[in-house]
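Grab a pencil and work through these exercises with the structure open beside you. Each task comes with a solution that goes step by step.

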Amino acid sequence: MNSGEKQSLIKAVNEASPEGLRQFIINQAQFDPTFFRDVTAQFGDLDTDAELVQTKKLIQSTVRKNKSYGFIDYQGCIVVCNVLDDVINKYMLRFRQGHYHHAMNGLLLVVETAAKMLSDADSSSGALTDTFDRVFGSMKNLSTNIAPEILESQKEIVIKDVVRVFKRKIFAGWPEQRYQVLYNALPLITPKSAKLAQSASWAVIKAADEGFETTQSEIYDKVLHARILIQLGEQSDAEKFMDEHKTIPQIREVEIQNAIQNKNYVRAEELCLEASKQDQGWRRIWERYLIKIYDATDQQQKQEAVLENRLFANYPDAYEPLKKLRQQDKSWDAQYPAFLAKAAKKLTPENYAFILDKEREFDKLMQLIMQNPELTETYSKDLYPNYPDVVNKLYYQNVVLNEKYPGRQAYRRMGRRIKNYTAFGSVQTAIKWIDGLIDEYPSRPALAEELNKVKKKLQ
């Protein structure tokens, strides 16, 4: 709903009579089950058991429709995850309406379904990862906000439900996702439920397969212990435990987060710098925290140094913040020529091209693409206004003809690439390419069929 529609709605509601609104709500609720539950959740008594049953049926039905021979394919995974995202939205609404325990149970339904999909779905689209991120973020949001509102006994009931899901065998082989279930409910932990959570963790480790799962679970268990101590306010014991185990990067990260939370930036910096020398594999993680520390303590030169190191280690996300800092201290223009020369030597062609494009260095970008034709498709749109003839040639050779094996799927991709070209290039040129390809390969009727579909849309 845009702002204009919202204002119209507010005006209509303000001008409506109480009796008119009452009748509208009653009539609408009779024909719209979702609206009925939302109204009863907001103003009446919501049948939470019935709603959970219905949610389970919806999820099961969606999974069943998108599963074939026990597996959910690429598109099916996206469909199921879209439904799970809708479920997250619904139960976060229930949280805002005051149904705290019910809301957590709804989120746990999503967690269980997503966990089952870890082993029997094609999650390469990233949809499942996004769903996990959303549901865990929602669990943390809910837990953090209700912690001051509910009794210790109520917190323990919620944690008991969370532990029940944590222990399920559906997480076998996936220790990271398993432990996230507990981590994101920690704002609700109590001394009594802490013992329950840690006992469950030890049981999981004992039942885990030897090797990766056991090793990772033991690390996550230590992280759990450290975070429980912090959450329960046992700061001295937490610091002692973390210091004893800081050779484990995940524990060091918790210690850094704790130091930053307590504004002990000197200690946080010390931990990061020490780790940067000892553990290059986690270097980018420590750099990210250093940037946060230097930003909080207004140490701009140190922040610039970290960002520059990060950028020239080929992490282009450091480029924009580095430029912004140097613009603030008015050093960007003076340092720019040397910066660009260093980027040309240090960065991969992909990352160097990214910066050239951002800086509108189109002459240099054009030269780079001629040396690295795999970059053609990414930057043709930006280069076309200045180099239409060169881009046409490169795009045709490196993008349109970029198919090693003939076949209908390849011809469809070829057609899509030609159509994409017309978003910035010449329609006449695109049609010329199509006609030329059809004439060149008269014995490939599938090619003619697919490309003629595109041609028809362009004419």
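The model is predicted, with local features needing pLDDT of at least 70 and side-chain atom pairs counting only at pLDDT 80 or more, while totals for chains, interfaces and linings use all residues. Residues are numbered from 1 along each chain as its sequence is written, and side-chain values use heavy atoms, leaving out hydrogens and water.

**Exercise 1. Find the residues that line the largest cavity, and say which helix gives the most to the lining.**

Step 1: Sort by helix (a DSSP run of H or I with at least four residues; strands are E runs of at least two, and numbering goes from the N terminus). Two or more residues come from each of α20 (362–371), α21 (376–383) and α22 (388–400). The top contributor is α21, with three.

Step 2: Sort by class (Ala, Val, Leu, Ile, Met, Phe, Trp, Tyr, Cys and Pro are nonpolar; Asp, Glu, Lys and Arg are charged; the others, Gly among them, are polar). That gives five nonpolar, two polar and no charged residues.

**Exercise 2. Work out how α21 and α22 are arranged.**

Step 1: Get the axes (lines fitted to C-alpha atoms, for helices over the stretch in contact, with angles from 0 to 180 degrees between N-to-C directions). They come within 10 Å and cross at roughly 160°.

Step 2: Name the arrangement. The pair is therefore roughly antiparallel (under 35 degrees is roughly parallel, over 145 roughly antiparallel, 65 to 115 roughly perpendicular and the rest oblique).

Step 3: Spot the contact (heavy atoms within 4.5 Å). On α21 look for Thr376, Glu377, Ser380 and Leu383, and on α22 for Val391, Leu394, Tyr395, Asn398 and Val399.

**Exercise 3. Now try α4 and α5: how do their axes cross?**

Step 1: The axes of α4 (residues 48–65) and α5 (residues 74–96) come within 9 Å and cross at roughly 165°. So α4 is roughly antiparallel to α5.

Step 2: Here the crossing is right-handed.

Step 3: Residues in the contact include Leu52 and Ile59 of α4, and Val80 and Leu84 of α5. By class, the contact has ten nonpolar, two polar and three charged residues.

**Exercise 4. Describe the largest pocket and the second largest pocket.**

Step 1: The largest pocket has a volume of about 650 Å³. Among its 25 lining residues, Glu176, Gln180, Tyr183, Tyr220 and Arg227 lie nearest the centre. Helix α7 gives the largest share of the lining, seven residues.

Step 2: For the second largest pocket, the volume is about 470 Å³. Its 16 lining residues include Lys140, Arg227, Ile230, Gln231 and Gln261, the closest to its centre. Here α13 gives the most, with five residues.

Notes:
1 Å grid on protein atoms, 1.4 Å probe; cavity = no way out; pocket = protein on both sides within 12 Å on 5 of 7 lines; lining within 4 Å. Points joined across faces, edges and corners; volume = space filled by probe spheres on them. Left-handed = near helix turned anticlockwise from the far one by under 90°.
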